[in-house]
Amino acid sequence: MTDLAAVKAALKTQAVETPSWAYGNSGTRFKVFAQAGVPRSPWEKLQDAARVHAVTGVAPTVALHIPWDAVEDYAALAKYAEERGVRLGTINSNTFQDDDYRLGSICHPDAAVRRKAVDHLLRCVDIMDATGSRDLKLWFADGTNYPGQDDIRARQDRLAEGLAEVYARLGEGQRMLLEYKFFEPAFYTTDVPDWGTAYAHCLKLGDRARVVVDTGHHAPGTNIEFIVATLLREGKLGGFDFNSRFYADDDLMAGAADPFQLFRIMYEVVRGGGFGPDMAFMLDQCHNIEPKIPAIIRSVMNVQEATAKALLVDREALAAAQGAGDVLGANAVLMDAYNTDVRGLLAEVREESGLDPDPMAAYARSGWAEKIVAERVGGEQAGWGA
């Protein structure tokens, strides 16, 4: 029997980090549709993030992307965030938009380009020092498009060398989170294509190097919860980039395409002891046709619902069924939890925390959407590459 009081207590500790770039104009290679009221600066992104946290109560940190969120004074930006009830979180590097990175960044055949890329990553650690951020998240677009284009093994050597230099620069309490992606923009080889490659590099680097699982970065049919369980077992899972995909890296709202998968992932997190402050639960999405702030609120709520269902799994009954070889009984225990309507439970959790039970309705009533449309006129809207 599941202890509802314990489930509520756990849900009240949940934290989902929102990404600064999701508040700006973003979309596909085909088209980015600009929206009225979009932030024009990192400061305005933090204003929007603060509204999300105000209505959900579980989005206390905001991830930055450098140089998209570059400012002169990062300590001042951190103070500005805290004054609005949020904090600066993960620092994400960008070594994929500069023309010099056409053939890669820290895996590039040219030592000068590799030096430029590593220096950028070291600068990101400097920013972490100023913001008080714990995690440096690395995703590399590095790879090749054609057989023979470059030496596959040499590129792994360059990758290892660059990562080691950055890892050595980390300060006390700071971590390196290494992301992977099956393909895109490289189509023949990707230098960090899967969890195994990321794990191998993190294992060699040390305890403060962990793997990030982006739920959109896998081949179709991949059992992501198996990856989660394995990395948790090895103590090498650092966090998640939550989003949804139908085909590839679609970056849709978390839980929108396959809520059952999100539930299965969260069950393995709960079962494996990964539900806590050591795990970075982050959104990594773009909102091209839907209003941005409501889409982020909905995503946070979807993660909450999947988590609540995962916490409701009767683990004693599940273990008994598994031990008895009761295939259908074990499956039924999981399905009973998944099929539970947890919206009322989450409404109670919010009310007990002094929040409106319906975050979407609370945001709609706040007038924030109308306010930013009226006030954010002129200037250059933030967006990918801004």
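A nonpolar core is a set of buried Ala, Val, Leu, Ile, Met, Phe, Trp, Tyr and Cys residues joined through side-chain atoms within 4.5 Å. In this predicted model, the largest such core has 101 residues. Ile106, Phe140, Leu163, Phe240 and Phe242 have the most contacts inside it. Helix α9, residues 292–311, gives the most to this core: ten residues.

Now turn to helix α3, which spans residues 74–83. Tyr74, Leu77, Ala78, Tyr80 and Ala81 are buried there. Seen down the axis of α3, these buried residues fall within an arc of 160°, so they line one face of the helix. On the other side, Lys79, Glu82 and Glu83 are exposed. The cover over the buried residues includes α2 (42–56), β2 (61–65), β3 (87–92) and α4 (111–131).

Next, the ends of α3. Asp73 caps the N-terminal end, with a side-chain oxygen 3.2 Å from the backbone nitrogen of Ala75. Just after the helix, Gly85 takes a positive phi of about 90°.

Strand β3, part of the cover over α3, contains Asn92. Is Asn92 buried or exposed? Its relative accessible area is 4%, under the 20% cut-off, so Asn92 is buried. The Asn92 side chain joins that of Lys137 through a polar contact of 2.7 Å. Leaving aside neighbours within four places in sequence, Asn92 is also in contact with Trp21, Ala63, Leu64, His65 and Ile66.

How values were computed: Residues are numbered from 1 along each chain as its sequence is written. This is a predicted model: local features need pLDDT of at least 70, side-chain atom pairs count only at pLDDT 80 or more; totals for chains, interfaces and linings use all residues. Side-chain values use heavy atoms; hydrogens and water are left out. Buried means under 20% relative accessible area, exposed over 50%, partly exposed in between (1.4 Å probe, protein chains only). Helices (H or I, at least four residues) and strands (E, at least two) are DSSP runs, numbered from the N terminus. The arc is that of the directions from the helix axis to the C-beta atoms. Contact means heavy atoms within 4.5 Å. A polar contact is a pair of N or O atoms within 3.5 Å; within protein, one must be able to donate a hydrogen and the other to accept it, and residues adjacent in sequence count only if both atoms are side-chain atoms.
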